[in-house]
Amino acid sequence: MSLLANQEAPRVARTSRLTLANRQALTGYLLVVPALALLLALVAYPFFFAISISFTDRVVGQPGNWIGLDNFRYLSQNPSFLKTIQNTIIMVVVSDILKLFIGLGLAMLLNQAVRGRGLMRAVILLPWAMPGFVAFLVWKLLYMPIGGAFNQILTKTNIYPEIIDYLGQRSTALPAVILATTWRGFPFWAISFLAALQGVPGELYEAAKVDGASSWQRFWDITLPSIKPVILIVVLMSSIWTANSFENIWIMTQGGPSDATMVFPVLAYFGMQSQRLGEAAAVSVAMIPALLILVFFVTWLVEDDD
Amino acid sequence: MATTTAPPAAATGQPSGRLRSRLRTRTRRNLLTLIAVYGLMLLVAVIVIFPIYWMFSISLKLPREIYRLPALIPQNPTWDNYRELINERGYLTNIRNSIIVASSVTVVSLLISSFAAYSIVRFRYRFRGFVGRLILLTYLTPGSLLFIPLSIIVARLNLGNSLYGLVILYLTFSIPLSTWLLSGYFRSVPPDLEEQAMVDGTTQLGALFRILIPLSLPGLAAVGIFTFTAAWNELLFALIFITSEDLRTVPLGLQYLITGDVLLWGPIMAGAVLAALPVMVLYFLAQRFMVQGMTAGSVKG
Amino acid sequence: MSHSSSPFLRRRRTRRQVVGGLAGGAAAFTAGSMLPGTLLARKAPAVIQASGPLTYWGGLIFSDAANEMLTDTINQWGSDNGVETEVVMINQNETNQRVSAAVEAGTMPRALDMGLDLALLLSTSGQLQDVSDIYDTIGAAQGGWHESVDGAVAPEKFNGIRAGVPFGAGGNVLFRRQDILDEIGVTEAPATWQELSDVAAQAQEGAPGVYGLGLALSNVGDANLMVSALQSYGGRIADDEGVTCTISSPETMAFLEWVNAAWEAGLFPPGATTWDGAGDNTAYLSGQAVFIANTGSVSIAAQTDDPELFEATAYSALPAGPVMQVAPIGPNLRAIPTSTEDVDTVKALLEFLAQPEFLGEYYKVAIYGPVLQGQDEMEAFTSTPVLGGLRDLVLNGTAPGAPDVSNTAYADFNSNFTVPKMIQRIVVDGMSLEEAMAEAQTSGETIYAKYG
């Protein structure tokens, strides 16, 4: 009896453990299947489809022929191609830096125990809460040379008596577009940073204070390292959004004046308008390596941190 | 919080003279900090609110005033634009459609993403890490690239020109973000409680619904609001896939106020105010959750 | 149409809408009862009744009354003929994208309105059906098509087919602020581009805050008006075969000198280099521009929103250049996609929509010039100045693209805004005229090479 039992027991245990692990894996797969199926069907498949289109001369209604890298060569011959790359990089980097400083500053501000911070938190979310294209229409109105709010204020108060065509001259167009983009985008940063700050244990600061650390040291040694993962991830998300954003430029400048604010999504849209699907796809595909580099760089930083 | 709150004076008992003077300079410094804090808050509020004020002021103006007499303050404010929008342009239908789409997307997306996040965080199986990465990577694809292939798929699946088609399309951008944020949140919840419940005979799904989700409510609220806002504001897919007038969502309704080469500034801005209001109220009510919910989600993401 | 600045106007607008609606209904009714036998005979042979309702994509224009009238008339026709109809008014700013998606997805409507450029692209890729039979019937019944319209839709440009039935001619009319011009003693419209900029400079001097030339120089369709100006100076986009890009020429240089001088003189309103499609409208309606070139929507907007401005406005044809006058007309077409199966039913509808009883009322509230000679004396064109201007354009205007060949390369060239970009290179980037022209030549060559 006892021998039998002893022989039996481990076997039972092993099989049940196996089935448990199997069942666990199976449930795990089943739970992730809906999300995965949807994304494979509606993102991954169209994505590879679009990449294959970029190597053809497809126009609307005709399947098109394989033309290799011709679309990309054509794209690189566009006199505005370099400018487009440059603008996209400047847009992403400058608006990221602005949003980082504003977001971090605001988050620290709203992390103080002061009255009215609840209201303030709601207020700073306002730009994020309205449809993007409406926000940019409003900014277009603000920038308008005549009748626009900025010019009215500056001329009426005699701070700067001459009308400035913010969106219409090369020197100011890109900064103006970046400013509007930053206005629309900073709430996400501020609120994410605020959330991260509230997750930093207060004891750390108390301990640092006891050790006589200055507030700058506390910020540099405690705050920043604690919220670094959040910063990196927010930078990643926001950079992707900015690089892919179309509405802001399309509504305010259509990429102009000249090519002062031309970015990839707008260039792709022009291709789409003339129904040259191959070329339009090539423009979007040309941007993917840059996005991938960004993603790998940031995930590398995050993992390095862990 | 911890950076400025001084220890309450009462707690220090009877302070010595040196301590008292140190406390006084501290109070003065606190006062200065307070002024700086409020000054900055005011500045930020002005920067945030001014464009919104401008939008509101245009919504109260008639064309002649918008064009011929531009002024910082409307001279003859009127609700005509709002009236026109609601009475003649069926804006309430747009709002209704947007509510249907945005809330369906939110509910479905939270459900599917909770499953996926639960699976990634709590289960062990091959390709788990790969699956997690894949889901995040899908978030990177430029929408403009998917336009043509998607329209073919949408037509084949018979999803064109319908609100549920829109719901399914919006899931493509909401699920990656939600899954990612939620897995961060779930990871921050200690697994002991679920394990205990499962020892007591609860199924794994039961543990998700009875333990993990209730514990993650702030996270779900934050993610839900993000999803709702994104769906509420989406224009590109709606523009391409919705044709019928009675299926138009809010951004689409506004877009249709730009006909040919004329922009109906007044009604557009009135529509923008009405479109932003529900979301703003939502944010206002939920901003506490937003901050709490983002905490775990993003810190551990 | 959608605003009104006083209760009186509001009432008037509403009444006009009601009248419009009634007229549309009445037109539908009368026309329905007068349908010729052939027309009725064409009606839906139930055998090839395709599935679902007959969907029609109408082009949304800046006139609620016109949009409603088209919708009502089609639906009325449907209920009279036992055909289920569904009319969707498509915002024309998105027609291209939407049609692209629909063609690829196989979800095209049974019939739709479109501009000439889109018809060109779609017929080249075999997406449209030939409508020669109804084109001929309609033409014969109403005094023949206008020559310029007929030339614009000549089958040899459209892959050998009649790509659609023209229903209204669009084009640019020069708007001028006669009240401002009266003050400097100018009563006649400027006849040449040079005269235009001279008068504009003079007018601008006496009126602070006002700019002479409200013409777009940005990356929008409006700015391709500059192509017409360039051509009127003798410049050409391509050779007579429409195969080789020839933009670099002394004539183009003469044109660039004119634009540059006007820019240097400060005649263009600030913002003109980044205007969207509504830029010139906004400038004119804000009283900032003495001259603009517009399709007519500004006039409709001013009529309800700013009657004084409406009264102060006079209309004329586009100016001529040293070599010729280029004032292209752009007929809008009702077309039938290849995917439509019940062609006869749809053709019956298109024929119905060409009835003078309907169009006579429609033109009153729309912004189109006539396409048939029998339409010239319709009340719309005799009583409304801006519509009269559009009729003159149809009578005297040039074929689309002329003197260049309006082919797909030409359309692609323009949808890349090559000419406006050439101007921006000069006025925004400070490039020399020669450099800018050379760059445009290179871009043009690349575009034309794709179609060679």
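Chain C puts in 32 residues, and chain A puts in 29. Before I go on, please keep in mind that this is a predicted model.

So, what does chain C bring to chain A? Several helices of chain C each supply at least two residues: H4 (95-105), H5 (116-124), H19 (408-415), H20 and H21 (433-451). The largest share comes from H4(C), with five residues. By class, this side of chain C has seven nonpolar, 18 polar and seven charged residues.

Now let's turn to chain A and chain B. Here 75 residues of chain A are in contact with 72 residues of chain B. On the chain A side, helix H1, residues 2-53, gives the most, with 19 residues. And the classes? The side of chain A that touches chain B divides into 57 nonpolar, 16 polar and two charged residues.

While we're on chain A, take a look at helix H8, residues 202-210. None of its nine residues is buried, so H8(A) lies largely in the open. After H8(A) you'll find A:Gly212, which has a positive phi, near 80°.

Okay, on to chain B, and its domains. The domain assignment gives domain 1 as 9-59 and domain 2 as 89-299. Where those two domains of chain B touch, domain 1 provides four residues and domain 2 provides six residues. The domain 1 side has three nonpolar residues, one polar and no charged.

There's also a helix pair in chain B to point at: H8, residues 192-199, and H9, residues 204-215. Their axes come within 9 Å and cross at roughly 130°. With that angle, H8(B) and H9(B) are therefore oblique to each other, and H8(B) passes H9(B) in a right-handed crossing. If you want to find the contact on screen, go to B:Leu193, B:Glu194, B:Ala197 and B:Met198 on H8(B). Facing them from H9(B) are B:Gln204, B:Ala207, B:Arg210, B:Ile211 and B:Leu212. That contact divides into six nonpolar residues, one polar and two charged.

Last stop, chain C itself. Its domains are each assigned in two pieces: domain 1 is 7-169 + 330-396, and domain 2 is 173-326 + 416-451. Twelve residues of domain 1 of chain C are in contact with ten residues of domain 2. On the domain 1 side, helix H1 (7-33) and helix H18 (385-396) each supply at least two residues. Which of the helices has the largest share of that side? That's H18(C), with seven residues. By class, the domain 1 side has seven nonpolar, three polar and two charged residues.

And one more helix pair, also in chain C: H11, residues 250-264, with H20, residues 418-427. The axes of H11(C) and H20(C) come within 11 Å and cross at roughly 50°, which makes H11(C) oblique to H20(C). The crossing is right-handed. From H11(C), the residues are C:Leu256, C:Val259, C:Asn260 and C:Trp263, and they meet C:Ile423, C:Ile426 and C:Val427 of H20(C). By class, this contact has six nonpolar residues, one polar and no charged.

Conventions. Residues are numbered from 1 along each chain as its sequence is written. Chains are lettered from A and ligands numbered from 1 in the order in which they are written. This is a predicted model: local features need pLDDT of at least 70, side-chain atom pairs count only at pLDDT 80 or more; totals for chains, interfaces and linings use all residues. A residue is buried if 20 or more other C-beta atoms lie within 10 Å of its own, exposed if 12 or fewer, and partly exposed in between; C-beta atoms are placed from the backbone. Helices (H or I, at least four residues) and strands (E, at least two) are DSSP runs, numbered from the N terminus. Axes are lines fitted to C-alpha atoms, for helices over the stretch in contact, and angles run from 0 to 180 degrees between N-to-C directions. Angles under 35 degrees count as roughly parallel, over 145 as roughly antiparallel, 65 to 115 as roughly perpendicular and the rest as oblique. A crossing is left-handed if the near helix is turned anticlockwise from the far one by less than a right angle, and right-handed if clockwise. Two residues are in contact if their C-beta atoms, placed from the backbone, lie within 7 Å. Ala, Val, Leu, Ile, Met, Phe, Trp, Tyr, Cys and Pro count as nonpolar, Asp, Glu, Lys and Arg as charged, and the others, Gly among them, as polar. Domain bounds come from an automatic or database domain assignment.
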